[in-house]
Amino acid sequence: MRHSARRDDLTGLANRAYFNEMLDEALATARRQDTRLALALIDLDHFKTINDTQGHLAGDAVLRQVATCLGVDYLSGTFAARLGGDEFVLLITRDTALQDLTGLLDRLARDLRRLGGTGEDGMTVSATIGAAWLDREVRDRSDLLHHADIALYEAKRARRGTVSVYRSSAG
């Protein structure tokens with residue numbers, strides 16, 4: 001029962017409430033142990049078009065494919081969740097994954113481009129990713145999510161299907 005209360009019914013990933021718990025714990029641990037962590041917001045591009053043109057069953061299939069993609073080997077040691085709709089999040093605490101955060105997220109964006117194929121209207125699903133590091137500007141979960149959100153919209157403005165990492169003014 002506890003497991004199902006923490007999981008998204010469609011994808012099997014953690015839900016928003018469980019993710020918030022895990023993020024708060026990870027932030028406290030990172031500060032206590034002086035370790036690094038990053039958070040990546042993943043927003044599917046053109047998802048509404050898939051739902052509108054191919055139906056919600058096709059959209060649901062894409063969401064399940066994203067969940068499967070977030071469980072691949074090179075993302076082991078990360079914590080993935082579905083925030084809702086077509087928004088996902090990845091908490092990255094494993095040092096080897098953090099060594100090349102942009103490279104890791106670029107690889108994920110490429111893999112996500114392969115999902116869902118091409119719709120009848122020629123539309124493909126891609127994902128735009130915005131990420132942020134735990135730094136001195138981050139007081140709590142909201143700050144970290146806000147920084148990742150800023151990076152996400154920066155990436156969307158530049159070109160959908162890309163990655164952007166928040167640049168802190170604190171250096």
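1. Helix α4 (residues 56-69) lies across β1, β2 and β3, and its axis runs at about 155° to β1. The model is a predicted one.

2. The strands under discussion belong to an open sheet of five, ordered β2-β3-β1-β4-β5, in which the pairing is mixed. β2 and β5 (163-165) are the edge strands; each has a single partner strand, so one side of each is left without a neighbour in the sheet. From one strand to the next the twist averages 20°.

3. β2 and β3 run antiparallel and are joined by six bridges. F79 stands opposite L91 of β3.

4. α2 consists of 18 residues. From first to last C-alpha this helix reaches 25 Å, close to the 26 Å expected at 1.5 Å a residue. Its buried residues are Y18, F19, N20, L23, A26, L27 and A30. The elements covering them include β1 (38-45), β2 (78-84), β3 (87-92) and α7 (141-158).

5. After the helix comes D34, which has a positive phi, near 55°.

6. R6 sits in the loop between α1 (2-5) and α2 (16-33). The side chain of R6 makes a polar contact of 3.2 Å with that of E21. Apart from neighbours within four places in sequence, R6 is in contact with L13, A14, N15, Y18 and E21.

How values were computed
Residues are numbered from 1 along each chain as its sequence is written. This is a predicted model: local features need pLDDT of at least 70, side-chain atom pairs count only at pLDDT 80 or more; totals for chains, interfaces and linings use all residues. Side-chain values use heavy atoms; hydrogens and water are left out. Helices (H or I, at least four residues) and strands (E, at least two) are DSSP runs, numbered from the N terminus. A polar contact is a pair of N or O atoms within 3.5 Å; within protein, one must be able to donate a hydrogen and the other to accept it, and residues adjacent in sequence count only if both atoms are side-chain atoms. Contact means heavy atoms within 4.5 Å. The expected span of a helix is 1.5 Å times one less than its number of residues. Buried means under 20% relative accessible area, exposed over 50%, partly exposed in between (1.4 Å probe, protein chains only). Two strands pair if DSSP finds at least two bridges between them. Axes are lines fitted to C-alpha atoms, for helices over the stretch in contact, and angles run from 0 to 180 degrees between N-to-C directions.
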